[in-house]
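Please look through the model below with its aromatic side chains in mind.

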Amino acid sequence: MLECYKTVYRGSEGEIIEKKSRFIATVRLVESEEEALAFIEEMRKKYWNATHNCYAYVIGERRELVRCSDDGEPGGTAGRPMLDVLLGENLYNTAVVVTRYFGGTLLGTGGLVRAYSRAVQEGLAQSDIIEKIYGAILQIETDYNGLGKIQYLIGEKKIPVLESEYTDKVVLRIILPVGEVEKIQAELVEATNGKVITEVTEKLYYAVLNGNVLLGEELRG
């Protein structure tokens, strides 16, 4: 189980022009090889009249599946440079197809490598990339006397609050990385002089995008 990893939240397209050749990079979240192959076929059908549809993808918590294709370009000038960008950005469960429309001028080996790499970088720049964190939902119960100290603590550490209930007691549900739970529990006890009850209610992956917490199916944009 990875503590955290980068992946695509919402894929997009990026385009560059190099000596009149168009390079269109399409980025997509894929969580299985079946999804990756279906995505590649979708792009081939969409850009059926293109000169090349090259691809690269990395799948799995240990990147068990790493594939790339030059699709007719000279060996090592497209798929591998595209894959190197994904690996260099430390991305997981990500696929990219770069579609080329030949502009009439040969780019040479170095030119092709640079163009395909730049296209992928542009596609990633247009996409939303998130860091998925393996976290825990921590439920906190306290009385109203302890609330201010708890709010100060979690605010100072910028820990997201998922829910809050105010009745005869206060119940807060926060989410934080699993590795930080014990430390935060100890700090909560110290801050409230022991007038707090904490319990981990669930462990799951989450991400924060533009200040919003994403959980479960929300992690697939």
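Over the ring of which residue does the charged end of arginine 63 sit? The ring is that of tyrosine 92, with the charged end of arginine 63 placed 4.1 Å from its centre. A charge sits over a ring if NZ of Lys or CZ of Arg is within 6 Å of the ring centre and within 35 degrees of the ring normal. Lysine 132 has its charged end over the ring of tyrosine 205, 5.6 Å from the centre. Both tyrosines belong to one aromatic cluster, made up of Tyr5, Tyr92, Tyr134 and Tyr205.

This is a predicted model, in which local features need pLDDT of at least 70 and side-chain atom pairs count only at pLDDT 80 or more, while totals for chains, interfaces and linings use all residues. Residues are numbered from 1 along each chain as its sequence is written, and side-chain values use heavy atoms, with hydrogens and water left out.

The structure holds 6 aromatic pairs (rings of Phe, Tyr and Trp, the last by its six-membered ring, with centres within 6.5 Å; planes under 30 degrees apart are stacked, over 60 edge-to-face, the rest tilted). Phenylalanine 23 and tyrosine 116 have ring centres 5.0 Å apart and planes at 85°, so this pair is edge-to-face. Because phenylalanine 23 lies in strand 3 (residues 21–29) and tyrosine 116 in helix 3 (residues 108–126), the pair ties together parts 93 residues apart in sequence. Helices (H or I, at least four residues) and strands (E, at least two) are DSSP runs, numbered from the N terminus. Phenylalanine 23 and tyrosine 116 are both buried (under 20% relative accessible area; exposed is over 50%, partly exposed in between, with a 1.4 Å probe and protein chains only).

Lysine 158, in the loop between helix 4 (144–156) and strand 8 (161–166), has a positive phi near 55° and is exposed, at 72% relative accessible area.
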